[in-house]
Amino acid sequence: MASTRIEVGVIGAGSWGTTVAAMTCANASTRLWARREAMASEINDAHTNSDYLPSFTLPAELEATSDLEWIVRRSDVIVMAVPSHGYREVARLVAEHLRPWVPVVTLAKGLERDTRLRMSQVTEEEMPGHPIAVLTGPNLAKEIISGQPAASVVAIDDRRIAEELQRLFACPSLRVYTNPDVVGCEVAGVVKNVIAIASGMAQGMGFGDNTRATLITRGLAEMTRLGEKLGGDPATFAGLAGMGDLIATCASTQSRNNTVGRRLGEGESIDEIVSSMNMVAEGVKSCPSVLELAAEYRVEMPITEQVVAVCHEGRSAEAALAALMDRNATSEHH
């Protein structure tokens with residue numbers, strides 16, 4: 001699998017899918033699947049994606065199409081840039097045209113609502129027999145596509161494939177590391193979205209850095225507890241997929257999850273917020289599944305519990321923060 005000769009198909013033309021497709025153009029022939037023909041035409045003709053990445057010019061060599069079969073049949077690597085709530089449906093369609101043994105890289109940081117499965121597990125069910133990797137880390141699309149220095153992680157337990165994918169995704173402004181811990185990287189990517197909502201709520205309520213640092217640090221503890229129970233490596237949660245992505249998502253105004261939390265903290269309803277956004281905030285959809293997993297594995301996740309209460313049970317941000325502060329004192333290492 002020589003990265004200079006392979007053809008890459010990126011499935012999903014949202015902000016991150018488009019950014020990844022733009023990056024891989026430098027290393028391989030890359031095609032991007034857009035659900036709408038109008039978007040594919042804009043990318044091909046104007047080299048822009050005004051819906052998700054306004055003001056950015058895409059590489060002229062990036063080719064877009066709304067023909068899923070055409071793009072999948074000729075791809076040597078498939079990158080799934082589809083949100084978790086629609087992931088299985090698209091994965092099933094991709095599987096109909098996928099050649100044997102083609103690696104599949106997932107970008108979505110969420111859980112399937114009904115099954116509580118991570119996206120690599122959904123991929124395994126719909127595309128059995130294919131190597132499955134995860135690309136994750138502190139990767140805010142607009143910063144990456146503008147060339148700001150950053151780092152990412154490609155997670156797969158096959159070293160050879162990991163190193164080839166590492167070369168495929170790397171560019172001068174993006175350093176890519178490998179990690180064999182798929183479970184830990186995915187759990188970190190899911191839980192950090194939930195904690196970012198909590199951090200945003202604190203910001204929206206007018207609280208300062210101490211409050212947000214507390215939420216981030218204790219959120220990391222929740223993430224690590226759950227990840228270890230599910231089989232993740234503790235070291236993963238101190239790395240780019242864990243602490244790195246958590247900091248970026250909790251601190252950035254570009255983060256959809258942080259934005260949802262901030263608006264909740266300012267008093268808007270979750271329905272108002274979701275209806276006004278053109279991209280999915282994964283933490284809103286995934287937090288009930290995270291809490292259910294925590295209950296199943298007997299992991300205490302109080303911040304996640306309060307995010308679920310605010311996003312799905314009508315609790316106010318103020319009441320959620322009060323509930324966290326009223327908890328019994330315990331050891332930091334509990």
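**Reading the model, residue by residue**

Modeller: Gladly. Leaving aside neighbours within four places in sequence, T304 is in contact with V194, I195, E222, C287, V290 and L291. Please keep in mind that this is a predicted model.

Colleague: Which helix holds T304, and is T304 buried or exposed?

Modeller: T304 is found in helix 14, which covers residues 302–312. A residue counts as buried when its relative accessible area is under 20%. T304 has 0% relative accessibility, so T304 is buried.

Colleague: With which side chain does the side chain of T304 make a polar contact?

Modeller: With the side chain of E222, at 3.0 Å. E222 is also one of the residues in the contact list of T304.

Colleague: Let us turn to N193. Where does N193 lie?

Modeller: N193 lies in helix 8, residues 182–204. Its relative accessible area is 3%, and therefore N193 is buried.

Colleague: Which polar contacts does the side chain of N193 make?

Modeller: Two partners can be named here. The side chain of K192 is one, at 2.9 Å, and the side chain of N257 is another, also at 2.9 Å. When neighbours within four places in sequence are set aside, N193 is in contact with K109, T249, N257, E282 and G283. N257 therefore turns up both in that list and as a polar partner, because a polar contact needs N or O atoms within 3.5 Å, while a contact needs heavy atoms within 4.5 Å.

Colleague: How should I read a strand residue? What is the place of I78?

Modeller: I78 sits in strand 4, residues 77–80. At 0% relative accessibility, I78 counts as buried. Beyond its neighbours within four places in sequence, I78 is in contact with G9, I11, V72, V94, L98, V102, P103, V104 and V105.

Colleague: How many residues separate I78 and I11 in sequence, and what is their distance in space?

Modeller: They are 67 residues apart in sequence, and their C-alpha atoms are 7.3 Å apart.

Colleague: Is A22 buried or exposed?

Modeller: A22 has 14% relative accessibility, so A22 counts as buried. Its place is in helix 1, residues 15–24. Setting aside neighbours within four places in sequence, A22 is in contact with L58, P59, L62 and I145.

Colleague: Now the whole protein. How many helices and strands are there?

Modeller: There are 15 helices and eight strands. Buried residues make up 55% of the 334 residues.

Colleague: Why does the radius of gyration agree with a compact globule?

Modeller: Because a compact globule of 334 residues would have a radius near 20 Å, and the protein has 19 Å. Along the principal axes, the C-alpha atoms fill a box of roughly 60 × 40 × 35 Å.

Colleague: What share of the contacts joins residues at least 24 apart?

Modeller: Among contacts between residues at least 6 apart in sequence, the share is 70%.

Colleague: And what about surface and charge?

Modeller: The protein exposes about 14400 Å², with carbon and sulfur atoms supplying 48% of it. There are 30 positive and 42 negative side chains, and the centres of the two sets lie 2 Å apart.

Key: Residues numbered from 1 in each chain as written. Predicted model: local features only at pLDDT ≥ 70, side-chain atom pairs only at ≥ 80, totals over all residues. Heavy atoms only, no water. Helix = DSSP H or I, 4+ residues; strand = E, 2+ residues; numbered from the N terminus. Rg over C-alpha atoms; globule rule 2.2 N^0.38 Å. Buried < 20%, exposed > 50% of the residue type's maximum accessible area, 1.4 Å probe, protein only. Areas by Shrake-Rupley, 256 points an atom, 1.4 Å probe, with all protein chains shown as cover. Lys, Arg positive; Asp, Glu negative; His and termini not counted. Charge placed at Lys NZ, Arg CZ, Asp CG, Glu CD. Polar contact = N/O pair within 3.5 Å; in protein donor to acceptor, adjacent residues only side chain to side chain.
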